[in-house]
Amino acid sequence: MADTQQVDAKAARRVAKLARQIGAFAKAHGGAEAQVAYLGQRGARIVLVGTDGGWGDLVAPTYATAQQAVEKSGVTVHESFDGEFAAKVKTGPYEWKRMAGIQIGG
């Protein structure tokens, strides 16, 4: 029983930490929206898009942890990274250069 309580406490701390990070991102970008993507055994990716177009991501150890963190943070959650949501992302020269480098083998 003690092991279960330790695992639950650790998971709760992880959810709280992710929720704080999501909240800090939202505060820095005038609000935020999120989408959670399953990564398999690696867990889940939380993609964040700020009201100002800034974006970032976090990785959670499980999909459930990611879902709980997003819900706890209070941001809007999208089921998919569809065109309307993706259009809110602003990319700069760095991203365009990086994408071009990937395309040409860089």
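Author: The side chains of R45 and D57 form a salt bridge, with N and O 2.7 Å apart. The term covers a side-chain nitrogen of Lys or Arg within 4 Å of a carboxyl oxygen of Asp or Glu. R45 sits in strand β2 (residues 44-50) and D57 in strand β3 (residues 55-60), so the bridge ties together parts 12 residues apart in sequence. R45 is partly exposed, at 32% relative accessible area. D57 is also partly exposed, at 36%. Here buried means under 20% relative accessible area, exposed means over 50%, and partly exposed lies in between (1.4 Å probe, protein chains only).

This is a predicted model: local features need pLDDT of at least 70, side-chain atom pairs count only at pLDDT 80 or more, and totals for chains, interfaces and linings use all residues. Residues are numbered from 1 along each chain as its sequence is written, and side-chain values use heavy atoms, leaving out hydrogens and water.

The structure holds two salt bridges. The other pair is K88 with E33, whose closest N and O atoms are 2.7 Å apart. This pair links distant parts of the chain, 55 residues apart. K88 lies in the loop between α3 (83-86) and α4 (93-103), while E33 belongs to strand β1 (residues 32-38). K88 is partly exposed, at 34% relative accessibility. E33 is buried, at 18%.

Strand β1 also holds Q35. Q35 is buried, with a relative accessible area of 9%. Its contacts, leaving aside neighbours within four places in sequence, are R45, I46, V47, H78, E79, S80, F81 and F85. Contact means heavy atoms within 4.5 Å.

Now turn to helix α2 (residues 63-73). Its buried residues are T65, A66, A69 and V70. Seen down the axis of α2, these fall within an arc of 130°, so they line one face of the helix. The arc is that of the directions from the helix axis to the C-beta atoms. An α-helix has 3.6 residues a turn, so residues three or four places apart point the same way. E71 and K72 are exposed, on the other side of α2. After α2 comes G74, whose phi is positive, near 85°.

Not counting residues up to four places away in sequence, T65 touches R14, V15, L18 and A60.

Last, the whole chain. The protein chain has four helices and four strands. These are DSSP runs, numbered from the N terminus: helices are H or I with at least four residues, strands are E with at least two. From the N terminus on, the order is α-β-β-β-α-β-α-α. Of the 106 residues, 30% count as buried. Among contacts with a separation of 6 or more, 54% join residues 24 or more positions apart. The accessible surface of the protein chain comes to about 7,100 Å², and 55% of this belongs to carbon and sulfur atoms. Accessible areas come from the Shrake-Rupley method with a 1.4 Å probe; for residues, only the protein chains shown count as cover.
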